[in-house]
Amino acid sequence: MAGNLVHRDIITRHDTSATFIASRDLAEKDREFLSSTDPWFRPCNFTVGPDGYLYVIDMYRQHIETPVSIPDDLKEDMDFKRGSEYGRIYRIVPKNDRSKRKAFTNMKKMETLELVENLSHPNQWWRLQAQRLLLERLDTSVVTSLKTMFRENKDPRTRLHAFFALEGLGALDATLVKQAMQDTHPGVREYGIILAERYPECLPLIIEKVDDHSARVALQASLSLGAFSARQAAPTLAKVLERYGQNPWFRMAVLSADAGSSLDLLELLLKQHSFFSRDTPEKVAFLEDFSYVIGSRNREGEVSRFLQLLAAEDQMKEKNWQFAGLKGLEKGLKKSENKLTADAHLKQVLQRLQADSTSEAKAAIETISK
C-alpha cells in the first residue's frame with residue numbers, strides 16, 4: 001500500500017520442492033501491473049467478480065502509518081482517517097474486450113441441481129457461490145450427482161469442488177477419500193490426504209503417498225502421518241527424513257507430529273544407522289530442533305532418556321551430534337513451563353556427558369543441570 005501500486009507475480013510450482021517460485025511476467029519486467037501517481041492510492045485487496053473481471057479495492061487514505069510510529073509533535077496536524085470517505089473499487093478489464101460476459105443471475109433462486117452444474121463453471125466465483133449455497137441448503141438429493149461429477153469430470157477443479165461439497169453434506173466415506181488420494185491431479189491427491197486423517201483404514205495409502213512424485217503431495221502425507229500413533233507413523237517418518245531431510249519443510253513436517261518428535265523415532269534412526277552415519281548440516285539442524293521439542297515439553301522422564309541416548313550410543317558420541325542435542329535441549333528447557341525434575345539417573349548421565357565434551361557442550365550441560 002505504501003508503494004501506491006499493485007505488483008503481479010506468476011506463481012509456479014518448484015520442480016523438486018513443496019514450495020512455489022514467484023517471478024515477474026515477461027511483459028512487466030520494467031513496469032508494475034497497476035500503479036498510480038496519486039499518493040493516496042492504497043490498493044489493499046482484490047477479487048474476481050461474477051463477470052470474470054478483476055476488482056481492486058482501494059482503501060484510499062492520506063496516511064497509513066500507525067499513530068504509535070509517528071512522533072507526537074507531527075501527529076497534531078495529521079488526520080489518520082483523511083480520505084476514508086473516498087474508498088473505491090476499480091474494475092480491470094482487458095483492452096479491446098469484446099467478449100460477452102454472462103449476466104449476473106441470482107443464484108439463490110436456482111434449483112439445487114443447477115448449483116451442482118455450476119461447480120464446473122470456468123469462473124471460480126460461480127463455483128464458490130454454488131458450493132456455498134449447496135452447503136447452506138444441505139439438500140442430500142444431489143449426492144448421487146455430486147459423486148458422478150467427482151468420478152467423471154475432466155476438470156480437477158470441478159472434482160475438488162464436488163469432493164468438498166460431498167464432505168459438507170456428510171456424504172464422504174473412505175472409498176471416496178481413497179479415490180481422491182489416487183486422483184491424476186496432485187492438488188486433488190493433496191486434499192484427499194488431508195481428509196484421510198479421519199479414516200484409519202486410509203493409513204496404508206497415506207504411507208504410500210510419501211513416495212508420490214509430487215513434492216507437495218509427499219509433504220502433505222508426511223504432515224498427515226501426525227494424526228496417527230508413533231507405533232504406526234514413526235517408521236515412515238524415519239523414511240521421510242532419510243529421503244527429504246535436506247528440506248526444512250519436510251523436517252518441520254516430521255517434528256510437527258507427536259510421533260515425529262518421539263524418542264521412538266530417534267531410537268529407530270539410531271537402529272537404522274544410516275541417518276547418523278554422517279553429520280550433514282541438515283541432519284544436525286534436525287537433531288537440534290528435535291531436542292528443542294523434547295526440552296520445551298519436558299515430559300516426565302523424557303529428558304533423562306534422551307540424554308542417555310546422547311551419552312550411550314556410539315553414533316551420538318561425535319561432538320557435533322552431542323552438541324546439537326545439548327544446545328537444542330538447553331533452549332527448549334528455558335522455554336518450558338515444566339520444571340526439570342532432578343533424579344539420580346539424570347545427574348549420572350550429565351556427569352558422563354560432561355566428562356567427554358567440548359567446552360561449548362559443557363556450558364550447555366551446566367545450564368541444564370541448574
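The second largest pocket of this predicted model is lined by Q124, R127, L128, R157, L160 and H161. A pocket here is an open set of points on a 1 Å grid over the protein atoms alone, with protein on both sides within 12 Å along at least five of seven lines, and lining residues have an atom within 4 Å of a point. Two elements, α3 (124-137) and α5 (156-168), each give two or more residues to this lining. Helices are DSSP runs of H or I with at least four residues and strands are runs of E with at least two, numbered from the N terminus. The space in the second largest pocket comes to about 150 Å³, where a volume is the space filled by probe spheres set on the grid points, joined across faces, edges and corners. By class, the lining holds 2 nonpolar, 2 polar and 2 charged residues; Ala, Val, Leu, Ile, Met, Phe, Trp, Tyr, Cys and Pro count as nonpolar, Asp, Glu, Lys and Arg as charged, and the others, Gly among them, as polar.

A word on conventions is handy at this point. Residues are numbered from 1 along each chain as its sequence is written, and side-chain values use heavy atoms, with hydrogens and water left out. Local features need pLDDT of at least 70 and side-chain atom pairs count only at pLDDT 80 or more, while totals for chains, interfaces and linings use all residues.

V240 counts as buried because its relative accessibility is 1%; buried means under 20% relative accessible area, exposed over 50%, and partly exposed in between, with a 1.4 Å probe and protein chains only. Beyond its neighbours within four places in sequence, V240 is in contact (heavy atoms within 4.5 Å) with V210, S222, G245, F250 and V254. The buried residues of α10 are A230, A233, A234, T236, L237, A238, V240, L241 and Y244. Their cover includes α8 (203-209), α9 (215-224), α11 (248-255), α12 (263-272) and α13.

Helix α13 (residues 281-297) in turn holds S291, which counts as buried because its relative accessibility is 0%. Leaving aside neighbours within four places in sequence, S291 is in contact with F306, A324, G325, G328 and L329. Helix α14 (residues 302-312) is largely enclosed by the rest of the structure, because 8 of its 11 residues are buried.

Attention can now turn to the strands. An open sheet is formed by 3 strands in the order β5-β6-β7, with antiparallel pairing; two strands pair if DSSP finds at least two bridges between them. The edges are taken by β5 (43-48) and β7 (88-92), each with a single partner strand, so one side of each has no neighbour in the sheet. On average, neighbouring strands are turned by 25° against each other, direction ignored; the axes are lines fitted to C-alpha atoms, for helices over the stretch in contact, and angles run from 0 to 180 degrees between N-to-C directions.

β5 pairs with β6 (residues 54-58) over 5 bridges. Here N45 stands opposite I57, and F46 has V56 as its bridge partner. The two strands form a hairpin with 5 residues between them, and G52 in the turn has a positive phi of about 90°. β6 and β7 are likewise joined by 5 antiparallel bridges, with D58 opposite R88.

Key:
On a 1 Å grid over the protein atoms alone, a cavity is a set of points where a 1.4 Å probe fits but cannot get out, and a pocket is an open set with protein on both sides within 12 Å along at least five of seven lines; lining residues have an atom within 4 Å of a point.
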